[in-house]
Amino acid sequence: VCGSCGFVVYVNPYPAACIVVREKDRILLTKRSIEPMFGEWCLPGGFIEWGESPDEAIRRELEEETGLTAGGIELVGAYSSISGACRHVLLLGYLARGWSGNPRAGDDASEVAWYDLDNLPHLAFATHDRVVADVRG
């Protein structure tokens with residue numbers, strides 16, 4: 001709050017979404033081709049754009065990064081992550097209840113790969129670990 005004029009600057013979280021595409025005991029991960037966490041594995045996802053609903057955003061992100069078109073989706077939960085001094089992300093985690101297409105890397109992903117739930121690589125973001133844990137039940 002400005003002491004002179006009273007103007008308030010709100011520092012709100014960045015809204016983002018990620019999705020677990022599960023096939024039996026495997027999930028689809030993407031390898032990041034950008035910073036932060038370049039070269040690390042993560043769930044497909046990204047930031048919600050102006051004018052998009054969270055459902056629209058996760059469908060767009062899934063298609064951009066993996067080439068898959070989501071069928072039914074289910075909200076798993078909402079997660080908060082503060083990294084560094086200036087970034088607070090509010091992440092909505094989804095589960096794909098179906099999809100079509102063949103996985104291929106695109107947009108922010110240099111690779112896509114199926115991983116066994118019991119043998120996942122280190123994930124770039126701790127919130128993604130929490131989403132995966134909640135999907136496992």
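Beyond its neighbours within four places in sequence, Ser100 is in contact (heavy atoms within 4.5 Å) with Gly67, Leu68 and Thr69. Ser100 belongs to strand S8, which covers residues 99-100; strands here are DSSP runs of type E with at least two residues, helices are runs of H or I with at least four, and both are numbered from the N terminus. With a relative accessible area of 41%, Ser100 is partly exposed, a class that lies between buried, under 20%, and exposed, over 50%, for a 1.4 Å probe and protein chains only. The C-alpha atoms of Ser100 and Gly6 are separated by 52 Å, and these residues stand 94 residues apart along the chain.

The model is a predicted one, in which local features need pLDDT of at least 70 and side-chain atom pairs count only at pLDDT 80 or more, while totals for chains, interfaces and linings use all residues. Residues are numbered from 1 along each chain as its sequence is written, and side-chain values use heavy atoms, leaving out hydrogens and water.

Turning to the whole chain, its secondary structure comes to two helices and nine strands, and from the N terminus on the elements follow the order β-β-β-β-α-β-β-β-β-β-α. The C-alpha atoms fill a box of roughly 60 × 30 × 30 Å, taken along the principal axes. Of the 137 residues in the chain, 35% are buried. Among contacts with a separation of 6 or more, 67% are accounted for by residues 24 or more positions apart.
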